Amino acid sequence: MTLRNSSSVTEFILGGLSEQSKLQLLHFFLFLGIYVFTVVGILGLTTFIGLNSGLHTLIYFFLFNLSFIDCYSCVFTPKMLNDFVSENIISYVGCMTQLFFFCFFVNSECYVLVSMAYDHSVAICNPLLYMVTMSHVCSLLMFGSYVMGFAGSMAHTGRMLRVTFCNSNIIDHYLCEVLPLLQLSCTSTHVNELVFFIVVGVVITTSSISIFISYDSLILSSIFHIPSAEARSKAFSTCHSHIIAVALFFGSGEFTYLITCRSMDQGKYASVFYTNIVPMLNPLICSLRNKDVELALGKTLKRVLF
């Protein structure tokens, strides 16, 4: 896509989290710690899965892709950190690029979580046919997730490139997001707002319904029909990390946009959990109390130390 600027604005000023200079240094070290923890967690988990043949299974294929997509915080956090201690200026092209990749990763994560729900439902409802079924569709599910993420991102960014920005270029946010950018338009944004709410509504609705059907109608009904308490516990343990990841991602995302529709200033504070905290927590959620990861970690430590 050619980034054609149809407005007189060539750069934007990111308002950041706070205008109080006393808080800038505190924010810098806080978000630097979160960013380092996130990057170490994502790189650690993806590298660990890649290097351990015992984790080259379908479920860890999905976890690998989820960890990769969680790097959406890397799209804006380096710029965010720089803005705490230096000029908070971003070029028009840089802003549109940031918007595109942020939307791409966030939309893709919604569909990856749906794919993982489908994977769990097949594993619990049809364990004997799991390998036969999923080996044929897992790559298609991931490809479809990225395609849908790309389509949603193109819709948002394509419409934003048609917006005309005139005088004001101060974005009341710490990243280039759709709604804060639309506030700066000097022309009608009804079509852009319609596209935004349609895309977001479709992504959230289809993802939520698909995950709900997978768990409520398929997984839970199958688990409750398992006679053995130990087998039921094992089935629940297969899903608990995914349920937590879904609740955090969709819950924080929906809460953020509900708050943003009421108050843009409150929305940017609410979005910190959605954009920074969730990517940091996901590698921990996926790996903690995971017997396969613990076993692979034990073998790796033995090889390294002994």
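Here's a quick briefing on one helix and some aromatic rings in this structure. It's a predicted model, so local features need pLDDT of at least 70 and side-chain atom pairs count only at pLDDT 80 or more, while totals for chains, interfaces and linings use all residues. Residues are numbered from 1 along each chain as its sequence is written, and side-chain values use heavy atoms, leaving out hydrogens and water.

**Helix 5**

- Helices here are DSSP runs (H or I, at least four residues), numbered from the N terminus.
- Helix 5 covers residues 130-160, and its end C-alpha atoms sit 43 Å apart, which agrees with the 45 Å that its 31 residues should span at 1.5 Å a residue; the expected span is 1.5 Å times one less than the number of residues.
- Helix 5 also has a kink of about 40 degrees, centred on Val137; the bend is the angle between axes fitted to the seven residues ending there and the seven starting there.
- Among its buried residues are Tyr130, Met134, Cys138 and Gly149 (buried is under 20% relative accessible area, exposed over 50%, partly exposed in between, with a 1.4 Å probe and protein chains only).

**Aromatic rings**

- Rings of Phe, Tyr and Trp (its six-membered ring) pair if their centres lie within 6.5 Å; planes under 30 degrees apart are stacked, over 60 edge-to-face, the rest tilted.
- That rule gives 16 aromatic pairs, including edge-to-face Phe28 and Phe29, at 5.3 Å centre to centre and 80 degrees between the planes.
- Phe28 counts as buried at 18% relative accessibility, whereas Phe29 is exposed at 52%.
- Phe196 and Phe197 are edge-to-face too, because their centres are 5.1 Å apart and their planes at 80 degrees.
- Phe196 is buried at 3%, but Phe197 is partly exposed at 45%.
- Phe68, Phe104, Phe105 and Tyr146 make up one aromatic cluster.

Definitions and conventions: Helix = DSSP H or I, 4+ residues; strand = E, 2+ residues; numbered from the N terminus.
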